[in-house]
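Let's take a friendly walk through this structure, one region at a time. Have the sequence and the 3D view ready as you read.

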Amino acid sequence: IMSGRLLCLLLVSVLLSLTKAADTSAKPNIIIILIDDMGMNDVSFHGSNQILTPNIDALAYNGVLLNKHYVPNLCTPSRATLLTGKYPIHTGMQHWVIITDEPWGLPKRERLMPELFREAGYATHLVGKWHLGFWRKDLTPTMRGFDHHFGYYNGYIDYYDHQVRMLDRNYTAGLDFRRDLEPCPEANGTYATEAFTSEAKRIIEQHDKAKPLFMVLSHLAVHTGNEDNPMQAPPEEVAKFGHIKDPKRRTYAGMISSLDKSVAQTMRALKDNGMLNNTIVLLYSDNGAPTVGIHSNAGSNFPYRGQKESPWEGGIRSAGALWSPLLKEQGYVSHQAIHAIDWLPTLAGAAGVPLPQDLQLDGINLWPALSGKEEPKPRSFIHALDEIFGYSSYMRDTLKYVNGSTFAGQYDHWLGDLESNEDDPLSDSYGQHVLSSEVQSILGDRGLTEDRILQMRSEATQECPAMAGEDPLDPKYKCEPLKEHCFFDLAKDPCERYNLAQLYPAQLQELAQEVEQFRRTAIPSARVPKSDYRADPVFHNGNWEWWNDTDTGSGAGTCSLNLWIIMGSIIGLVCSMIS
């Protein structure tokens, strides 16, 4: 009798484990392709004929083209938002980016998307950029939910030798390239986009399909490299763009072209490994392009106003696309306002990944709305709220509020207008160019036609219409956000040319009060704005790595660092008492 019971229990255990394995493998693979600093006007599905991106475009035309996709306006806040589902003001990541030798990172109290997906049975991988802190080892990707990381910790590296050179510090140049926790010098000489694509392909090809795959392919491109050699692309890619006169913009085009090839190669790997039919692919840029100024790459957000690290649409509106055979409706342009805060709950919802009740997410699950092509619902977003730099950007449905700006307003105008006589010669047959792309051949005949391509492209191309015949140069529409707050109606004025503050002061005050409500929920910035010389690669065998326990033979750095941390804690406590 006893042996019979044991056999019965064994059979039940086996059946339960098989059921669990079946449930896990049935979950869709999640691939997030995150592009760095690419402008809205730098993919051809938004209407530009200068740089054609047939593979990226084919992905968008066969899926959902995200025409109102919003992101924070800087790298570190944007990545924190993706992985937490929260606004930067609710994680302490709202103020600037992590500079290489600054001792701070995304707080450990935050539970990240890879942790939640791994708990649901996913294999989790990060390929490429992290930029959420590495001064302590426990802040690095494989300590935050990723099973595997191949890439770099900082905001940028050299595209070929993968070093970071801080030219304004007396530091040694250091390698910032790792396979998990170990330095990876053997990748030296390989163009970063190609190195990351090869690794993504390797992961897909070697993936055990008994488990679903969660992979963030976080490209260096099209961010600049080190300041002494910022623009880098394979010569054969740059050579394709002889019609672009500006050499910087021409190199940028080569960087974009390499990315477009990468998308095709990643999709090919998914198909060849039999994974494509159960995969969700999300592609977008982490923020707008920095057309001019710091780390400028000659990217274009035109006709939107502003650029990266500004409160305007050019800094916070992101080119994006969602593709999956699991979408009920495909091949359309979505005008649903969606924000990076939404991707954690949206992808979890699509994958059936349970989320803890105590996460306190700011985002919502938009998978049913996107999959079902539902009518757009009004949303409210706090785009930026930086108490230290002193500016805010907020949107309630179509009303956009701006108070203050960055860089003394230098980038508050419209940047990156392209030359009209620099169209790619292939743009005359644009529709056929997309239909003959590698991604289109990978996806197969899904009913996409040249007419449908041109229709979707036209719908996703932004114009700047005159508002009821009014002149945007009329003084009553002038916006000077460093002096007075402004607001715009994006439904009629997507390019932010008509400030309505003088005409509708009551509405302006309502928007300002709503920003104040968000301000009351903000936590202090986690940033420690202090250079810590212990980060110098000279102390780490020529590598950039965690340095909190580094002994340099002097206690001065530690003492200074501790002082900053204590001061930050006091400031945070005082702020919380005041609020």
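## The open sheet and its helix

Four strands form an open sheet in the order β15-β16-β17-β18, and their pairing is antiparallel. Please keep in mind that this is a predicted model. The edges of the sheet are β15 (380-386) and β18 (486-489); each has a single partner strand, so one side of each is left without a neighbour in the sheet. From one strand to the next, the twist averages 10 degrees.

Inside the sheet, strand β16 (residues 391-396) and strand β17 (residues 399-403) run antiparallel and are joined by 5 bridges.

Glu 496 sits in the loop between β18 and α14. Is Glu 496 buried or exposed? Its relative accessibility is 0%, so Glu 496 counts as buried. Setting aside neighbours within four places in sequence, Glu 496 is in contact with Arg 305, Trp 312, Glu 313, Lys 400, Trp 414, Phe 488 and Leu 490.

Gln 509 belongs to helix α14 itself. The C-alpha atoms of Gln 509 and His 485 are separated by 9.6 Å, and these two residues are 24 residues apart along the chain. For Gly 447, look in the loop between α12 (438-443) and α13 (450-459). Gly 447 and Ala 298 are 149 residues apart along the chain, with 36 Å between their C-alpha atoms.

| Residue | Relative accessibility | Class |
|---|---|---|
| Glu 496 | 0% | buried |
| Gln 509 | 38% | partly exposed |
| Gly 447 | 54% | exposed |

What is Phe 117 in contact with, leaving aside its neighbours within four places in sequence? The list is Ile 30, Tyr 122, Phe 214, Leu 347, Ala 348, Ala 351 and Val 353.

## Where α2 meets α7

Helix α2 (residues 54-62) and α7 have axes that come within 7 Å and cross at roughly 55 degrees. The two helices are therefore oblique to each other. On the α2 side, the contact is made by Pro 54, Asn 55, Ile 56 and Leu 59. The α7 side supplies Asp 260, Lys 261, Val 263, Ala 264 and Met 267. Sorted by class, this contact has 6 nonpolar, 1 polar and 2 charged residues.

## A covered helix

One more helix is worth a look. How many of the residues of α3 (residues 75-84) are buried? The count is 10 of 10, and the helix is described as mostly covered. Among the buried residues of α3 are Cys 75, Thr 76, Ser 78, Arg 79 and Thr 84. After α3 comes Gly 85, which has a positive phi near 75 degrees.

Terms used
Residues are numbered from 1 along each chain as its sequence is written. This is a predicted model: local features need pLDDT of at least 70, side-chain atom pairs count only at pLDDT 80 or more; totals for chains, interfaces and linings use all residues. Side-chain values use heavy atoms; hydrogens and water are left out. Contact means heavy atoms within 4.5 Å. Axes are lines fitted to C-alpha atoms, for helices over the stretch in contact, and angles run from 0 to 180 degrees between N-to-C directions. Angles under 35 degrees count as roughly parallel, over 145 as roughly antiparallel, 65 to 115 as roughly perpendicular and the rest as oblique. Ala, Val, Leu, Ile, Met, Phe, Trp, Tyr, Cys and Pro count as nonpolar, Asp, Glu, Lys and Arg as charged, and the others, Gly among them, as polar. Two strands pair if DSSP finds at least two bridges between them. Buried means under 20% relative accessible area, exposed over 50%, partly exposed in between (1.4 Å probe, protein chains only).
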